[in-house]
Amino acid sequence: MTITAPLAPTTVGQSLQDRVALVTGGTRGIGAAISRSLVGAGATVAAAYAGNTIRARDFLDECRSEFGTENERVTAHQSDVGSADHCRRLVADVVERHGRIDILVNNAGITIDRTAARMTDDDWQQVLDVNLSGPFYLAQAALGRMVERGSGRIVMISSVIGETGNIGQANYAATKSGLFGLTKTLAREAAFQLAKSGRQDPYGPGVTVNAVTPGFIATDMLEHIPAKVLDRIVGQVPLGRLGRPEEVARLVRFLADDASAYITGQVWGVNGGLDM
Ligand SMILES: NC(=O)c1ccc[n+]([C@@H]2O[C@H](COP(=O)([O-])OP(=O)(O)OC[C@H]3O[C@@H](n4cnc5c(N)ncnc54)[C@H](OP(=O)(O)O)[C@@H]3O)[C@@H](O)[C@H]2O)c1
């Protein structure tokens with residue numbers, strides 16, 4: 001048996017030109033860095049947000065001045081990913097506006113921290129709805145379209161807390177671990193569906209699903225953590241500092257590339273060595 005493989009059709013940095021990406025929570029924090037990174041690589045980006053319209057407008061202005069984006073290469077979409085209907089509508093809106101969806105980054109996430117003993121049904125449910133059910137409904141709506149085209153990328157933004165657990169974060173940790181099972185299952189289903197569809201090119205971009213687990217990243221999400229606690233956390237990070245949103249975005253950009261076709265069902269840490 002001879003084992004030969006054609007050279008990879010693309011290299012990182014060249015292949016997002018005609019791609020359309022939906023980034024949830026894409027107008028601030030880690031999501032905004034992801035949106036910028038994808039726009040910088042040539043993609044059209046639909047950035048979704050929950051309710052901070054002022055921030056969304058500022059984000060669009062920043063993109064216009066940073067990238068000179070015109071002709072709607074970056075759009076903002078208000079949508080509650082905690083609602084199945086909103087998720088389905090969001091994917092439909094993006095397809096209507098931009099003609100397709102190639103990359104889905106499930107980044108929107110919330111915390112409602114309390115020890116398990118004090119956690120209310122609502123605290124539990126709200127975090128589950130936004131952090132786990134939302135990514136499922138969005139992926140469900142997007143995956144079929146990706147399989148039809150024979151190419152697609154889904155990236156779940158999980159958390160190091162999904163790997164380690166954390167006091168006061170039973171709801172959050174459960175959702176972030178839940179994304180691992182969702183990622184691996186969708187990765188298998190995507191490969192299976194693509195093979196079944198007859199559209200599979202063994203050396204083409206294919207449809208991949210991966211998860212990224214940021215450690216502690218300097219965004220608004222950390223604002224409610226008391227300074228003393230944050231100092232203690234940073235003290236546990238081997239690299240001795242918080243991460244930057246751009247350091248997470250760099251990995252998402254890499255996974256989104258056509259050339260990352262042989263990477264699927266994996267969990268990727270960006271945590272300064274916090275969990276190793
Ligand atoms: N920061 C960290 O240290 C860290 C560490 C590990 C993992 N993560 C994960 O990384 C992701 C981004 O975190 P971040 O720190 O950038 O968060 P962030 O600064 O708090 O921003 C959260 C984003 O999610 C959006 N969002 C919240 N609830 C939503 C909903 N129901 N529907 C739609 N969008 C919603 C927000 O929209 P608005 O702007 O409209 O409010 C905002 O754009 C989250 O999944 C988080 O769990 C963060």
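Close-up 1. Buried means under 20% relative accessible area, exposed means over 50%, and partly exposed lies in between. The model shown here is predicted. Gln126 has a relative accessible area of 39%, so this residue is partly exposed. Its place is in helix H4, which covers residues 121-149. Look also for Ser15, which stands 111 residues from Gln126 along the chain. The C-alpha atoms of Gln126 and Ser15 are separated by 37 Å.

Close-up 2. A nitrogen atom of the ligand is 2.8 Å from an N or O atom in the side chain of Asp80. A polar backbone atom of Val81 lies 2.9 Å from a nitrogen atom of the ligand. Lys176 contributes a polar side-chain atom, 2.9 Å from an oxygen atom of the ligand. Taken alone, the ligand exposes 910 Å². The protein buries 93% of that area.

**Close-up 3. The shell around the ligand.** There are 29 residues around the ligand. Arg28, Gly51, Asn107, Tyr172 and Thr219 come nearest. The shell divides into 14 nonpolar, 11 polar and 4 charged residues. Which elements give two or more residues to the shell? They are helix H1, residues 29-40, and helix H6, residues 170-197.

**Close-up 4. Helix H6 from end to end.** H6 has 28 residues. At 1.5 Å a residue, the helix should span 40 Å. Just after H6 comes Gly198. Gly198 takes a positive phi of about 80 degrees.

**Close-up 5. Two residues of H6, Asn171 and Glu189.** Both Asn171 and Glu189 are found in helix H6. Is Asn171 buried or exposed? Its relative accessible area is 0%, so Asn171 is buried. A polar atom of the Asn171 side chain lies 2.9 Å from the backbone oxygen of Ile112. Glu189 counts as partly exposed because its relative accessibility is 41%. Leu143 is 46 residues from Glu189 in sequence. In space, the two are 9.5 Å apart, C-alpha to C-alpha.

**Close-up 6. Strand S4 is covered on both faces.** In a regular strand, side chains alternate between the two faces of the sheet. Strand S4 covers residues 103-106. Ile103 and Val105 lie on one side, and Leu104 and Asn106 on the other. All four are buried. Strand S1, residues 20-24, pairs with S4 in the parallel sense over 3 bridges. Here Val23 has Val105 of S4 as its bridge partner. S4 also pairs with S5, again in the parallel sense, over 4 bridges. Ile103 has Arg153 in S5 as its bridge partner.

**Close-up 7. Strand S6 and its two faces.** S6 runs over residues 206-214 and is mostly covered. How many of its residues are buried? The count is 9 of 9. Gly206, Thr208, Asn210, Val212 and Pro214 point one way from the strand. Val207, Val209, Ala211 and Thr213 point the other way. Both sets are buried.

**Close-up 8. The strands that pair with S6.** Strand S5, residues 151-157, runs parallel to S6. Joining S5 to S6 are 7 bridges. Val155 stands opposite Asn210 in S6. S6 also pairs with strand S7, residues 267-270. This pairing is parallel too, over 4 bridges. Which residue of S7 stands opposite Val212? That residue is Trp268.

**Close-up 9. Arg57 on helix H2.** Arg57 is found in helix H2, residues 53-67. Its relative accessible area is 56%, so Arg57 is exposed. Asp121 stands 64 residues from Arg57 along the chain. The C-alpha atoms of Arg57 and Asp121 are separated by 34 Å.

Definitions and conventions:
Residues are numbered from 1 along each chain as its sequence is written. This is a predicted model: local features need pLDDT of at least 70, side-chain atom pairs count only at pLDDT 80 or more; totals for chains, interfaces and linings use all residues. Side-chain values use heavy atoms; hydrogens and water are left out. A residue is near a molecule or strand if one of its heavy atoms lies within 4 Å of it. A polar contact is a pair of N or O atoms within 3.5 Å; within protein, one must be able to donate a hydrogen and the other to accept it, and residues adjacent in sequence count only if both atoms are side-chain atoms. Accessible areas come from the Shrake-Rupley method with a 1.4 Å probe; for residues, only the protein chains shown count as cover. Ala, Val, Leu, Ile, Met, Phe, Trp, Tyr, Cys and Pro count as nonpolar, Asp, Glu, Lys and Arg as charged, and the others, Gly among them, as polar. The expected span of a helix is 1.5 Å times one less than its number of residues. Buried means under 20% relative accessible area, exposed over 50%, partly exposed in between (1.4 Å probe, protein chains only). Two strands pair if DSSP finds at least two bridges between them.
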